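The tour goes from one selection to the next and says what is to be found at each stop.

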Amino acid sequence: MERHRITPKHYEHFREHGYAIIQDFLKPDEMNEIRDDLRIELPDWIEYCDDPSRPKPEIGQFNFVPGRGVTRFPFKGTNLNRVGLHPELRQFASDMAGGNEVFCEQSNLNVKCKGHPRDSDQAFHCDYGNHTLAYPPDLPEYAQTAFIVYYTDVDLNHAPTAVCSQKHYPESLRWPAHYTREERPELYGNEVKITVPAGSLFAYSMRTFHRGTTFLKEAGRIVHFIAYAPAAWKWMGIVGWSVEAVRPEFRKWIEVATADERTAYGFPAPGHSYWTDETRAGVSARYPGMDMSPYN
């Protein structure tokens, strides 16, 4: 019987630090099949990442490939689809959510290279801004888990993701959800840059501060963003209204809407068990103009 790829040590590290790194999560034969799919989904990117002396692929904005739009599930190749639905990802996300049923809320490919519009030194942030309409409490039944699968090697030159252990931000309230180097220098001073071989996996929570870094030389990178959320709650998931919650006009609407109007869009209803001192404080911090009295 095959041993689990995500081991108890990975679970322990995730619970202690808010993230885990699983090197060589995918086997060599799986990676070969995935590379064939990537050649269909992302023309010329595999070849460029393997050899940056080759012509650079046409660069699109954000996750976009010119003429294709966002490269999101379902993909043309079955192997990429299976990665997003990998049973160990589902099991890990369910375990983090207290054993509850989860659903795949995101499965996107992401390409980046030196000079790409997204080749930037990001501020430390949590990802919940466009993954939930509300606020991510420190309770398992509301836990969303994100994964990044690396399809190309990443060293310090390849814009590695940086992450900071939650031990360095022990405060319960994760607001603000973004901090510059000047605002929280200790996050940057304690960051870990994720340098891994192709086929590796990075797992983190929506309460974990992380950031993108810049390329230090001509190179490219291909990753797969995957996220899972508990199936019971309608206010979660990047494929729903949560993706709009980062827009100023949507946040303004949330603040002035009635409780019934918010509930119609999937926001946690008054009286729901979601509402605790922590979640009221978190939602109030995120939407300072919102009348919180219906949720007391």
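This is a predicted model: local features need pLDDT of at least 70, side-chain atom pairs count only at pLDDT 80 or more; totals for chains, interfaces and linings use all residues.

Begin by selecting the open sheet of 5 strands, whose order is 1-10-6-12-4 and whose pairing is antiparallel. At its edges stand strand 1 (19-22) and strand 4 (102-113), and because each has a single partner strand, one side of each is left without a neighbour in the sheet. Viewed from one strand to the next, the twist averages 15 degrees.

Next, select residues 145-150 and 201-205, which are strand 6 and strand 10, an antiparallel pair joined by 5 bridges. Within this pair, Phe147 has Ala203 of strand 10 as its bridge partner. Then move to strand 4 and strand 12, which pair in the antiparallel sense over 11 bridges, and where Asn108 finds its bridge partner in Phe225 of strand 12.

Residues 8-17 form helix 1, which lies across strand 1, strand 6 and strand 10 and runs at about 150 degrees to strand 1. Helix 5, residues 87-96, lies across strand 4, strand 6, strand 10 and strand 12 (220-230), with an angle of about 150 degrees to strand 6.

For the next stop, show the cysteine side chains; the count of disulfides comes to 0. The closest cysteine sulfur to that of Cys49 belongs to Cys113 and is 8.0 Å away, which is too far for a bond. Cys49 itself is buried, its relative accessible area being 12%. Cys126 is likewise in no disulfide, the nearest cysteine sulfur being that of Cys164, 10 Å away; Cys126 is buried, with a relative accessible area of 3%.

Finally, display the largest pocket, which has a volume of about 1,200 Å³. It is lined by 43 residues, and those to select for its centre are Gln106, Asp127, Asn130, His131 and Ile238, the closest to that point. Which strand supplies the largest share of the lining? That share, 7 residues, comes from strand 4, while strand 4, strand 6, strand 11 (210-211) and strand 12 each supply at least two residues.

Methods:
Residues are numbered from 1 along each chain as its sequence is written. Side-chain values use heavy atoms; hydrogens and water are left out. Two strands pair if DSSP finds at least two bridges between them. Helices (H or I, at least four residues) and strands (E, at least two) are DSSP runs, numbered from the N terminus. Axes are lines fitted to C-alpha atoms, for helices over the stretch in contact, and angles run from 0 to 180 degrees between N-to-C directions. Contact means heavy atoms within 4.5 Å. A disulfide is a pair of cysteine sulfur atoms within 2.5 Å. Buried means under 20% relative accessible area, exposed over 50%, partly exposed in between (1.4 Å probe, protein chains only). On a 1 Å grid over the protein atoms alone, a cavity is a set of points where a 1.4 Å probe fits but cannot get out, and a pocket is an open set with protein on both sides within 12 Å along at least five of seven lines; lining residues have an atom within 4 Å of a point. Grid points are joined across faces, edges and corners, and a volume is the space filled by probe spheres set on the points.
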